[in-house]
Structure formats: C-alpha cells, structure tokens
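Trainee: Could you walk me through the aromatic rings and the enclosed space in this one? I'd like a close look, in plain words.

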Amino acid sequence: MNDMRPWTDEEFEARLRAMGERYHIHHPFQVMMHRGQLSREQIQGWVANRYYYQINIPIKDAAILANCPEREVRRHWVQRILDHDGFNGEDGGIEAWIRLGEAVGMSRETIVSQKLVLPGVRFAVDAYVNFARQRPWQEAAAASLTELFAPTIHQSRLDFWPKYYPWIEPEGYDYFRRRLSEAPRDVVNGLRITLGHFTTRELQERALNILQFKLDILWSMLDAMLLAYADVQIEGWGAYRPMGAGTTQS
C-alpha cells in the first residue's frame, strides 16, 4: 500500500527547491549566454522577447489579486505589481528592463513595440497569464515559486556579463540588482501560501506539477528563441531536457 501521508513542511519545501534542477538556467541557450558565447544579436533577441514576459508579470499578479478574497494576502502580493510597474517616483522593473534593452543596443521604440516578440514566446507567456486568471489563486501563487531559483541566474549575469559582454552599458544591469533583493522577499510570501494551502499529499503533488508547468513555460520561451536564432549552432541543443519537461498538465 502506498504511503500517501502528507510530507512535512520541511520535506515539501525541499522537494519544491529540488526542482531547481529543471530551471531554465540549464537550457543550452542560457548556458551559452553564461559562458559568453552568444552574439550581440542573440542577446538583443533575448532581451526583446523577455520584455513580453516582464510586462505580463504585473498582469499575472493582478489576476491573482482579483481571485483572492483574503485581505492580508492581497496586502503583501500587491507589492509585486508595484515592483514592476513602479510607484512613488520609482521607475519599477519594467522600466529597468527597457534600460537593459537600450544598454544592449536597441532603441526604446523597438523594445516597447514588441515587434521582435516571437509567436512561441507570446504563446507561452499568454498561457501563464491565462493560468493565473483561470485557476485558484493559491495555484497561481505556487506557479510563481520559480523565484526560488531566480537569484542564482541574476547573480551570474552580474558576475559574468561585464567580462564576456563588455559592450553592454553598465546601467543596464539595474534590473538584475533589483531582483536580488525582491525575489527572496517574494519567495517567503509564496512559500507561506503554498505550504499553508497544499497540505495533503495529493495537493502537494499538485503543487509540484504546477511548478513544473511554470518551469516548462520558461523553458519553452528559450526553445522558441533558440529556433529563431538557429543561424548559430548552440552547443548541447537537443542533448538535454529537464526531467519531466513537457509531461505535466496545467
């Protein structure tokens, strides 16, 4: 007989964190970026496409707020929207991302026009926003827990991009610096919700599947970018897929 007792909070959190092995930092496109092996055009394409993700984050978070009846949760979660949209004279993360685009050599007009956004990227991001709109707010909150793994990827860019991509203007790195403090704060809130709501083994396994869904979203975005910029061969493409990628249901 299978043991279907719920995991303890410590066991459950450890399983959530272990899914960092499937984070898009391991995608060949990201690996090559980390090694300084992408061209200027590929870096620009990545920034332009990730812009579509950035502008949809506050929309996703607004959907969570709209579905959440708990005042205390809303009071904490709304900070995510302010972080990205800006408030009280602060420009916010979206503006910081536009400055990153300018730092890698694109015009503001090109970035905000979204004309470089690939269909596959748009489809993946829209799927994430629709998930947040249609599913219970606790599930959408659990999907946000890819923030568990984000500080590592942001720090690697701060550590290695100035060395490998000296042509990038230094002021473009502000977004990554911001997220080093914002993401850990958001993780505390997201974990509190996830550990508090997903309390049976069935629900805990559901949360792991939800997190895999979000990991697949991020991975799929890079798949689309890789195919679009396939004029340059990416080392390792096709040789690795994160365990379980593409197999879960949302």
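Trainee: The charged end of R122 sits over which ring, and how far is it from the ring's centre?

Mentor: That's the ring of Y52, with the charged end of R122 4.6 Å from its centre. A charge sits over a ring here if NZ of Lys or CZ of Arg is within 6 Å of the ring centre and within 35 degrees of the ring normal. Bear in mind that this is a predicted model, where local features need pLDDT of at least 70 and side-chain atom pairs 80 or more, while totals for chains, interfaces and linings use all residues. Residues are numbered from 1 along each chain as its sequence is written, and side-chain values use heavy atoms, leaving out hydrogens and water.

W167 belongs to an aromatic cluster together with W46, W97, W161, Y165, Y173, Y175 and F176. The structure holds 14 aromatic pairs, meaning Phe, Tyr or Trp rings (the six-membered one for Trp) with centres within 6.5 Å; planes under 30 degrees apart are stacked, over 60 edge-to-face, the rest tilted. W97 and Y175 make an edge-to-face pair, 5.0 Å centre to centre with 90° between the planes. W97 is in helix α5 (residues 93-103) and Y175 in helix α10, so this pair ties together parts 78 residues apart in sequence. (Helices are DSSP runs of H or I, at least four residues, numbered from the N terminus.) Both W97 and Y175 are buried, that is, under 20% relative accessible area with a 1.4 Å probe and protein chains only. Y173 and F176 form a tilted pair, 6.5 Å between centres and 35° between planes. Y173 counts as buried because its relative accessibility is 4%; F176 does too, at 0%.

About 310 Å³ lies in the largest cavity, counted as the space filled by probe spheres set on the points. Its lining has 25 residues, with Y53, E147, A150, Y175 and R179 nearest the centre. Helices giving two or more residues to that lining include α3 (40-67) and α10 (174-197), and α3 gives the most, six.

Notes. On a 1 Å grid over the protein atoms alone, a cavity is a set of points where a 1.4 Å probe fits but cannot get out, and a pocket is an open set with protein on both sides within 12 Å along at least five of seven lines; lining residues have an atom within 4 Å of a point. Buried means under 20% relative accessible area, exposed over 50%, partly exposed in between (1.4 Å probe, protein chains only).
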